[in-house]
Amino acid sequence: MAENRNEIKLKTGDMGEVQVADEVIAIIAGLAATEVEGVTSMYGNITKDLVSRLGIKNLSKGVRISVGEDSRVAVDLTLNIAYGYTIPDVSAKVQEKVRTAIENMTGLEVSGVNIRIAEVDMKQPV
């Protein structure tokens, strides 16, 4: 049974076509975001420490990818942040890290990275 997912064409060349599923871009974004200090997890996901211990692969929760007609990617992230961190500072770092990760790994241009803070995690203070 085929999965219903969107794929984005990266390039077409002499050897064939390269496409990437939007789920892959969402995983790249989720991993990049959780590497930023102050981000405890993606909304609707368990923390990155538990993910690495259990080997859970669903790292795209809290991430939505949309591709415009110009093939530019927009990313919407919903994050949980640790208490004591400055939301605008952490958000700016996440935006830059996610943009850089997607552009470096896929060659796609990122039109924007929108951040929504869903929760302040009181268990992991500064």
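**Salt bridges and their setting**

Modeller: Arg-64 counts as exposed, because its relative accessibility is 53%; the scale calls a residue buried under 20% relative accessible area, exposed over 50% and partly exposed in between, with a 1.4 Å probe and protein chains only. This is a predicted model, in which local features need pLDDT of at least 70 and side-chain atom pairs count only at pLDDT 80 or more, while totals for chains, interfaces and linings use all residues. Residues are numbered from 1 along each chain as its sequence is written, and side-chain values use heavy atoms, leaving out hydrogens and water.

The partner of Arg-64 is Asp-76, with 2.6 Å from N to O in their salt bridge. The pair joins strand S4 (residues 63-67), which holds Arg-64, to strand S5 (residues 73-82), which holds Asp-76, and so ties together parts 12 residues apart in sequence. Asp-76 has 21% relative accessibility and therefore counts as partly exposed. A salt bridge here is a side-chain nitrogen of Lys or Arg within 4 Å of a carboxyl oxygen of Asp or Glu, and the whole structure has five. Helices (H or I, at least four residues) and strands (E, at least two) are DSSP runs, numbered from the N terminus.

Another salt bridge joins Glu-109 and Arg-72, whose closest N and O atoms are 3.4 Å apart. This pair links distant parts of the chain, 37 residues apart: Glu-109 is in the loop between H3 and strand S6 (110-121), and Arg-72 is in the loop between S4 and S5. Both ends are partly exposed, Glu-109 at 44% relative accessibility and Arg-72 at 29%.

Glu-96 is partly exposed at 40%, as is Arg-99 at 29%. A network of salt bridges links Glu-96, Arg-99 and Glu-103.

Val-90, Ser-91, Val-94, Val-98, Ala-101, Ile-102 and Thr-106 are the buried residues of H3. They cover an arc of only 105° around the axis, so they lie on the same side of H3; the arc is taken from the directions from the helix axis to the C-beta atoms. Pro-88, Lys-93 and Asn-104 are exposed on the other side of H3. Gly-107 follows H3 and has a positive phi, near 80°.
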